[in-house]
Amino acid sequence: MSRAPLSDPEALRIEAQRAAAPLAEQLPAEPLREAARRIAGEVTDPEIPVLTIADLGVLRDVRVEAGGVEVEITPTYSGCPAMNMIALEIELALSKAGIAPVTVRTVLSPAWTTDWMTEDGRRKLRDYGIAPPAKAAGRRALFGKDEVACPQCGSTDTAEIAAFGSTSCKSLWRCNTCREPFDYFKCH
Ligand SMILES: [Zn+2]
């Protein structure tokens, strides 16, 4: 199946509209909401493709309105260019499943924090070789310092090498036990 290039939002939107089938008219509100939430939640983060927006906690709410489905998302890092892409991907995924029209709203308050990331998401990050963000409770115990466990060997004898890693939401660390460098998904 051919797809519009991700760099062309307008083409994506047109494709989404064309793909829409009337599933939204066949299902009662609650099953429709559940289906829409599951499908929207499977959209992945463009920067960390192993994480879905459900894993990240970016997907806030899905509502069935008289005129269609409304999806609320909260951006991870402010000004993250990935968010426009995520909104389009949600619209496309739902339309392909026959759920349309879709409105994606960006909710800025309360602000997203890494504590919203699910346990499943943390495990996926670790498996991917990225240390998941420390939780708020652990951070407080260390007076604002993150305790970062090496995703390779689990050692907490680790040190930050660079404040910015492969993307701005990650920093580069090194494990003093296994000597391997790794990315850390920074707390926020
Ligand atoms: Zn290690």
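Predicted model: local features only at pLDDT ≥ 70, side-chain atom pairs only at ≥ 80, totals over all residues.
**Entry 1: Ile99**

Is Ile99 buried or exposed? I counted 28 other C-beta atoms within 10 Å of Ile99, and a residue is buried at 20 or more, so Ile99 is buried. I then looked up where Ile99 sits: its place is the loop between α5 and β3 (102-106). Next I checked Ile99 against Ile39, which is 60 residues apart from Ile99 along the chain. Their C-alpha atoms are separated by 9.8 Å.

**Entry 2: the helix α3**

Ile39 took me to α3, where it is one of the buried residues, together with Ala35, Ala36 and Ala40. On which side of α3 do they lie? I found that they cover an arc of only 125 degrees around the axis, so they are on the same side of α3. I turned to the face of α3 pointing away from that buried side, and there I found the exposed residues Glu30, Pro31 and Arg38. I also asked what covers the buried residues of α3. The cover includes β1, β2 and α5.

While there, I checked the length of α3. It has 13 residues, and at 1.5 Å a residue they should span 18 Å. Its end C-alpha atoms are 18 Å apart, which agrees.

**Entry 3: the largest nonpolar core**

I noted a general point before going on: in soluble globular proteins, nonpolar side chains tend to be buried together. Here, the largest nonpolar core has 41 residues. Which of them touch the most other members? I listed Ala36, Ala40, Val69, Ile86, Ile90, Leu94 and Ala131. Several elements each supply at least two residues of this core, among them α3 (29-41), β1 (59-65), β2 (68-73) and β6 (170-175). The largest share, seven residues, comes from α5. I also saw that this core draws at least three residues from each of domain 1 (9-106) and domain 2 (117-185).

**Entry 4: the chain as a whole**

I ended with the overall picture. I counted seven helices and seven strands in the chain. Read along the sequence, they follow the pattern α-α-α-α-β-β-α-β-α-β-α-β-β-β. How many of the 188 residues count as buried? I wrote down 34%. Last, I looked at contacts in the chain with a separation of 6 or more: residues 24 or more positions apart account for 54% of them.

Conventions
Residues numbered from 1 in each chain as written. Core = buried A, V, L, I, M, F, W, Y, C linked by C-beta atoms within 7 Å. Buried ≥ 20, exposed ≤ 12 C-beta atoms within 10 Å, placed from the backbone. Helix = DSSP H or I, 4+ residues; strand = E, 2+ residues; numbered from the N terminus. Domains from an automatic or database assignment. Contact = placed C-beta atoms within 7 Å. Expected span 1.5 Å × (residues − 1). Arc of directions from axis to C-beta.
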